[in-house]
Amino acid sequence: MAGAGVAKGSLAFVGTGLYAAGQITPEALASFREADRVFDLVVDPISRRWLEELRPSAESLFGAYAHEKPRRASYDEMEARVLAPVRQGRSVCVALYGHPGVLVDPSHGAIQRARFEGHPARMLPGVSSEDCLFADLGIDPAARGCQSFEATDFLVRKRGFDPRSALILWQIGAIGVTTYRREELWSRGGLKILSEALRRCYPRGHRVAVYEAARFAIGEPSIQVLPLERLGHARVSTSSTLYVPPVDASVSGSSFQHRIEGFPRTRSVRAGLSVVGTGYRVAGQITPEAHSALESADRLLYLVTDPATSAWLTSVNPRAESLDDCYRTGESGAAAVCRMVERILAPLREELEVCAAFSGHPAIGVPVSHEAVRRARTEGHSARLLPAISFEDCLFADLGMDPGDNGRLLFDAGDFVRRAPRIDTSSALLLIQAGAVDVTNYRDGEEPDRAGLARLSEVLRRLYGADHEVVVYQIPDFPMFDPTVEHVRISDLSEAPVTIRSTLYVPPLAYAAKDSLVAERLEAAALTSV
Amino acid sequence: MSKKAALFIAKLSKDPKKAGQFRKDPDSAMKGEDLSSKDKAVLRTKDSEKIRKHLGDDAPPGCVMI
């Protein structure tokens with residue numbers, strides 16, 4: 001314990017995004033620059049070199065891995081290395097690629113240990129590979145819900161899911177493997193078992209995407225669209241993620257394929273549109289690539305949730321205009337979306353370079369982004385969506401929740417109540433806009449829709465029981481404040497301190513046991529496919 | 001709209017150390033900054049709603065994308 005006479009250090013884990021120079025946030029960068037001791041774990045040599053340039057004394061944690069060494073042992077070693085200087089009273093910053101709390105074991109463990117010993121410890125979010133997937137595939141996970149799992153966990157614990165919502169599986173190249181391996185793909189056999197399992201839930205010919213985010217600013221993501229039956233033979237690495245679109249005809253294989261394969265990778269000669277997210281905390285989470293788009297645009301149009309971000313955007317680009325006047329009190333949100341899309345497209349049609357900026361991640365819960373990109377491309381312009389820090393990235397960091405542990409089910413609260421998706425209560429559930437269940441028209445103020453909250457509470461009560469405790473979470477407007485984190489019982493939810501912007505985190509009800517037969521089968525498959 | 005106060009907050013957002021200093025001791029964090037006494041008084045309250053009002057608002061309060 002860092003009691004009297006014991007040196008008090010501090011610990012920060014930050015995310016570099018998928019490529020540090022383009023996706024690290026200013027708050028993460030400041031932490032990395034200022035700490036007494038810095039460590040990093042990044043997967044591409046350019047990011048490593050860039051971090052080393054910033055802090056020549058930066059120590060890579062990569063040496064903790066060794067071929068066929070259990071990853072658990074590597075994580076323990078990393079934890080011990082970063083905690084040693086904290087215990088000597090040093091401030092320590094650890095930069096990890098992607099988001100430091102998503103599918104990352106040592107960060108959560110080290111933060112808990114440091115806090116237990118009395119040292120302040122925190123996590124700053126980073127752009128995750130899933131953030132890149134949403135941007136690159138043009139998917140809004142809030143539109144129809146999105147269920148994400150670590151692939152081995154998905155199979156071994158037989159996680160339940162609803163095929164009417166999107167399904168994302170992480171680490172499909174490492175199924176059933178608990179050691180570190182040098183090869184690109186760790187288990188072809190595991191991938192085939194996954195393919196068999198999914199084929200039981202989707203129709204023949206259902207098209208999926210094997211996705212890998214770009215690792216360099218000038219690189220392209222890898223996107224293979226293929227029928228589920230061919231998944232077992234796909235080009236897959238340990239960085240690959242599987243996206244399975246909803247089964248319904250409304251997102252049919254053909255429209256999905258068109259959306260992915262129609263993505264214009266070559267630059268158009270016509271003016272282009274960049275849609276970016278500002279993250280939260282005003283300017284603290286903007287990525288360098290998004291900042292560059294904000295600054296260089298002939299016209300910047302934005303919609304943000306706080307006035308400080310608005311003032312900051314105007315200081316970055318004097319040609320900035322807010323889109324907030326597209327809302328009309330009492331009118332449907334859909335009408336505002338149409339108006340915003342037209343405002344964004346108008347300067348583009350005059351051959352001006354346009355940047356549209358939104359709070360958070362521009363692909364999550366922002367229909368304007370997707371529609372503006374679609375329309376711009378239809379009209380022959382280049383258009384891109386850049387990933388950003390989302391509300392859930394902040395939640396994972398602030399609540400210390402790793403979505404890889406039990407999976408993460410994400411739904412818009414209104415959609416969840418109306419459509420009643422089949423969910424597995426042993427996974428973590430996030431419900432966005434918990435205070436706006438029945439709100440369809442725009443209105444001023446933050447007051448929640450209490451009747452809608454009562455309906456939500458009733459649906460959750462049937463699934464989890466009245467006494468199950470949930471967390472009401474809200475990102476603060478300003479960087480010097482802490483997030484709102486309120487623990488309430490489901491039975492008390494309708495009277496809880498919720499606003500229309502609150503997110504509800506429903507922790508798993510019970511721990512899902514491993515199916516030992518499946519685990520053994522995966523292990524055997526991994527051994528034979530080395 | 002108090003642009004100076006807004007830009008001061010933007011500065012805090014890029015500098016976690018300074019934001020931490022503000023949390024502990026707002027006056028020392030605001031020392032030497034180009035802020036009016038009204039700006040300082042409002043920021044000192046650490047009240048999100050008061051700060052929002054002081055900054056002015058062209059962000060839709062409770063923006064919901066439906």
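Helices here are DSSP runs of H or I with at least four residues, strands are E runs of at least two, and both are numbered from the N terminus. Axes are lines fitted to C-alpha atoms, for helices over the stretch in contact, and angles run from 0 to 180 degrees between N-to-C directions. Helix 9 of chain A brings A:Gly189, A:Gly190, A:Ile193 and A:Glu196 to the contact, and helix 19 of chain A brings A:Arg521, A:Leu522 and A:Ala525 (contact means heavy atoms within 4.5 Å).

A word on what you are looking at: this is a predicted model, in which local features need pLDDT of at least 70 and side-chain atom pairs count only at pLDDT 80 or more, while totals for chains, interfaces and linings use all residues. Residues are numbered from 1 along each chain as its sequence is written, chains are lettered from A and ligands numbered from 1 in the order in which they are written, and side-chain values use heavy atoms, with hydrogens and water left out.

Now move to another helix pair of chain A. Helix 11 (residues 288–296) of chain A packs against helix 12 of chain A at about 65 degrees, with the axes 8 Å apart, and the two are therefore roughly perpendicular to each other. A:His291, A:Leu294 and A:Glu295 of helix 11 of chain A meet A:Trp312, A:Leu313 and A:Val316 of helix 12 of chain A.

Next come the charged pairs. Over all chains, the whole structure has 40 salt bridges (a side-chain nitrogen of Lys or Arg within 4 Å of a carboxyl oxygen of Asp or Glu). In one of them, A:Glu27 pairs with A:Arg281, with the closest N and O atoms 3.0 Å apart. A:Glu27 lies in helix 2 of chain A and A:Arg281 in the loop between strand 11 (272–277) and helix 11 of chain A, so the pair ties together parts that are 254 residues apart in sequence.

Finally, look at where the chains meet. Chain A gives 50 residues to the contact and chain B gives 33 residues. About 3300 Å² is buried between them, with carbon and sulfur atoms giving 64%; buried area is the accessible area (1.4 Å probe) that two parts lose on being put together, summed over both. Two salt bridges are counted between chain A and chain B, and B:Arg23 and A:Asp482 join their side chains in a salt bridge at 3.8 Å, N to O. On the side of chain A that touches chain B, helix 12 of chain A gives the largest share, seven residues.

Technical notes. Parallel < 35°, antiparallel > 145°, perpendicular 65-115°, else oblique.
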